2 protein chains.
Amino acid sequence: MSQRPNPPRGMRDLLPSEVALRRHLLTKILDVYERYGFEQIETPLVEEIERLSGSDGGENTTLIYKVLKRGLDWPPESERDAVDLGLRYDLTVPLARFYSTHSNELLLPFKSIQTGPVFRAERPQKGRYRQFTQCDIDIIGDPSPDAEIELVTATVEALNACGLGGFSIRMNHRRILETWVNGAGFAPSQRTSVLIAMDKLDKIGLDGVRSELQTFGNVDAADRLIDTLESVATMPDWIDRVSEVFPEGTDKNAFDDLRAMEAAVRQVSDVDVKLDPSLVRGMGYYTGAIFEVQHEESSGSVGGGGRYDGMVGSMSGQDTPAVGFSIGFERLCHILEGAATKRPGRRIVLLHGPGESSNAIALTTAQLRANGSIVRREQAVKNRGAQLNRLAQAGYTHWAELKDGNMSDLQELKD
Amino acid sequence: MSQRPNPPRGMRDLLPSEVALRRHLLTKILDVYERYGFEQIETPLVEEIERLSGSDGGENTTLIYKVLKRGLDWPPESERDAVDLGLRYDLTVPLARFYSTHSNELLLPFKSIQTGPVFRAERPQKGRYRQFTQCDIDIIGDPSPDAEIELVTATVEALNACGLGGFSIRMNHRRILETWVNGAGFAPSQRTSVLIAMDKLDKIGLDGVRSELQTFGNVDAADRLIDTLESVATMPDWIDRVSEVFPEGTDKNAFDDLRAMEAAVRQVSDVDVKLDPSLVRGMGYYTGAIFEVQHEESSGSVGGGGRYDGMVGSMSGQDTPAVGFSIGFERLCHILEGAATKRPGRRIVLLHGPGESSNAIALTTAQLRANGSIVRREQAVKNRGAQLNRLAQAGYTHWAELKDGNMSDLQELKD
């Protein structure tokens, strides 16, 4: 027997039960988001390569799938000559482009829902795929913390509607992190690299981050930053401690906003909200509040987001505040694997011989379907018991046989 | 003001009203297909480039977007060295690959639903896009005409459920077309090129096809073929005529199958079914019955499909009959533009001043949403009339104002 072909490396197919779960969860999520006044849009799977690679998306910009220009002369001299498009690595860059293209056709502030596949050419590993689905909401044009509160509240409600339990929300603020990085003595030009290093805390621990920061040429700054992080990490009032340690450059608005968000989310939902000094998020484009969904069964986050006030303006030429929250849809599906998604009602199989007339088969199945049942037609095989077993396992509940144009009584199938 | 950025050439964004229509139609279609026992799967957007370019997909294989290998040394010597993946140009090639990968995990015969974007680097033109959505059902593992009948019946019912009127089904059979091509005197090696030329009938007319066929080096064969087509095209009994003109090599099974399909579809639906001698379909992979949905408002087809018994076997190594029907989802959306898709119920806007407390806003919107209403929160602006007008036009039906923590009575918004 020949070898079975595979999907491309790092990618995967979704079987019927997997798609059913996804549709079930997505319907729940979209229903909640729509009740918050968000509206769904779609953008192309590809964007211009300069837009993607110049997008300040941290490590993700190194993982872009690049698309060859059509009608190219070989060999092209450089990648720049060869490539004009790339597969999107998230939904935020396309959204910022979309908003810049269409802002005069939208209800402003624009409250967007986007869901669809994104692509990252990561080293394949268990549970991580090179094509995966994201599910985002964003508010463009609202600078107030009410936007963040709405995103977090809506997402908490959506995850509850999916039946996810055991999750908490972590929050931090990029301007507070910047206070630390500056206060510890790093140069402004090092800020992005420092934040990227701090973002690895979950993976490499405090000492790992310390070692990495020490390579930046300022060992004192590295130690000061990590010592502060270490000392405050377990304090419930760390947010007040930070301004004591680094009084200079402390951004009072950031502290106030973060506290207001925490209080409002607590008030309308009973989710566990934590202000977490070690939350960084990898993207370079965040400028304000950042948040993440943590789940007891998942080492990585089940969602995250934050404020990115600079990005839309860099495309539209007009300063535009923006904030977004992305559900890690793959992780959500993984945690909720096995959730019941089957629609109610009869699932009937009609068996028939090979000589049965097409007219009789078409008519009988149409009649069975008329009351809303799911009806599958199949040729009877010799081993009737095995055939019915297989169908019962696939979720069919009833069967009948068509013989010489006459249908037998409907019988129950036992799984 | 800076220039607005655009989506990539030939691609487009979908605005909220467009996405709402698509979701509405897709829900209708999937509901019908599921009642026929079809099950939804998903495959990656990319496949290995050899699988796509070697796939017998006619002109479409020349329109593939190719993806650059990661970690490439520049310059690569040839395209072959540079490219390993391509964006799928249809859903049939990925399905055949999927079936070859997973047949032992599926309920056989496998009845598949697939919907999603496909990509073709065509010359951009009005109403045609380089990324577009297809919606396919396929039956793999059933050689009987009952499979075709089921596909056509289900698709007719799905299009009816979408509210599409004024459409008809055209049917033909590749083995009948082959009878003509062979009977006229073309060599077997010319068959594919002859069929591709015949497929242009709608665009370039009988004389155009005749001229193109004459360039193949056998003017007599070209004339015989076109003369036959011309003489039978208007006869309701053309299917009987063909076997008189070309008695040799006539495939009686093909005629019988086609007639059985026509009769059975007529019996269970009141759609207009035509056996059409000029229907060819562009793909090289069809081997049996072919069909197309014609609509009075659309010059191109609104769907089509056929039997492709060779493709799955070429990947799995095991002969496997297969037949599919693809809805031209973009054309369907275009024809049904403006169909009502709005969910029922109140759509409320809560206006508030900039100084209103986040807690009060979050609590009030949560209370308004609790009975299932859609609730949008917005800062009040100076020109209240213009603001309310804009919201009414966007479909909001009610509004209230939050002031100092107190909500005013709900008032109707008039569009």
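## Surroundings of Ser278(B)

Apart from neighbours within four places in sequence, Ser278(B) is in contact with Arg170(B), Asn172(B), Leu201(B) and Leu229(B), contact meaning heavy atoms within 4.5 Å. Ser278(B) belongs to the loop between β8 (272-275) and β9 (289-295) of chain B; helices (H or I, at least four residues) and strands (E, at least two) are DSSP runs, numbered from the N terminus. Ser278(B) counts as buried because its relative accessibility is 16%. The classes of accessibility are buried for under 20% relative accessible area, exposed for over 50% and partly exposed in between (1.4 Å probe, protein chains only). Between the C-alpha atoms of Ser278(B) and Ala233(B) the separation is 7.1 Å, although these residues are 45 residues apart along the chain.

## Basis of the description

This is a predicted model, in which local features need pLDDT of at least 70 and side-chain atom pairs count only at pLDDT 80 or more, while totals for chains, interfaces and linings use all residues. Residues are numbered from 1 along each chain as its sequence is written, chains are lettered from A and ligands numbered from 1 in the order in which they are written, and side-chain values use heavy atoms, with hydrogens and water left out.

## Chain A overall

Chain A contains 15 helices and 16 strands. Its C-alpha atoms fill a box of roughly 90 × 60 × 50 Å along the principal axes. Of the 415 residues in chain A, 57% count as buried. Among the contacts in chain A between residues at least 6 apart in sequence, 66% join residues at least 24 apart.

## Helix α7 of chain B

Helix α7 of chain B spans residues 191-198, and its buried residues include Val194(B), Leu195(B), Ala197(B) and Met198(B). These residues lie on the same side of α7(B), because they cover an arc of only 160° around the axis; the arc is that of the directions from the helix axis to the C-beta atoms. The cover over the buried residues of α7(B) includes α6 (174-184), α8 (201-214) and α9 (219-232) of chain B.

The axes of α6(B) and α7(B) come within 11 Å and cross at roughly 105°. Axes here are lines fitted to C-alpha atoms, for helices over the stretch in contact, and angles run from 0 to 180 degrees between N-to-C directions. The angle makes α6(B) roughly perpendicular to α7(B); angles under 35 degrees count as roughly parallel, over 145 as roughly antiparallel, 65 to 115 as roughly perpendicular and the rest as oblique. On the α6(B) side, Arg174(B), Leu177(B), Glu178(B), Val181(B) and Asn182(B) meet Arg191(B), Val194(B), Leu195(B) and Met198(B) of α7(B). By class, this contact has 5 nonpolar, 1 polar and 3 charged residues. Ala, Val, Leu, Ile, Met, Phe, Trp, Tyr, Cys and Pro count as nonpolar, Asp, Glu, Lys and Arg as charged, and the others, Gly among them, as polar.

## Helix pairs between the chains

Helix α5 (residues 145-161) of chain A and helix α14 (residues 358-369) of chain B have axes that come within 10 Å and cross at roughly 40°. That angle makes α5(A) oblique to α14(B). The crossing of this pair is right-handed; a crossing is left-handed if the near helix is turned anticlockwise from the far one by less than a right angle, and right-handed if clockwise. Asp146(A), Ile149(A) and Glu150(A) of α5(A) make the contact with Ser358(B), Ile361(B), Ala362(B) and Arg369(B) of α14(B). The residues in this contact are 3 nonpolar, 1 polar and 3 charged.

Helix α14 (residues 358-369) of chain A also packs against helix α5 (residues 145-161) of chain B, at an angle of about 40° and with the axes 10 Å apart. α14(A) and α5(B) are therefore oblique to each other, and their crossing is right-handed. Ser358(A), Ile361(A), Ala362(A) and Arg369(A) of α14(A) meet Asp146(B), Ile149(B) and Glu150(B) of α5(B). Here the contact has 3 nonpolar, 1 polar and 3 charged residues.

## Backbone geometry

Most residues other than glycine have a negative phi, and most peptide bonds are trans. The bond from Trp74(A) to Pro75(A) is cis, with omega near -10°, and Pro75(A) is in the loop between β3 (66-68) and α3 (79-82) of chain A. Leu108(B) and Pro109(B) are likewise joined by a cis peptide bond, with omega about -15°; Pro109(B) is in the loop between α4 (92-102) and β5 (110-119) of chain B.

Asp404(A), which is not a glycine, has a positive phi of about 50°. Asp404(A) lies in the loop between β14 (398-403) and β15 (406-407) of chain A and is exposed, with a relative accessible area of 68%. For Asp404(B), phi is near 50°, a positive value in a residue other than glycine. Asp404(B) is in the loop between β14 (398-403) and β15 (406-407) of chain B and is exposed at a relative accessible area of 71%.
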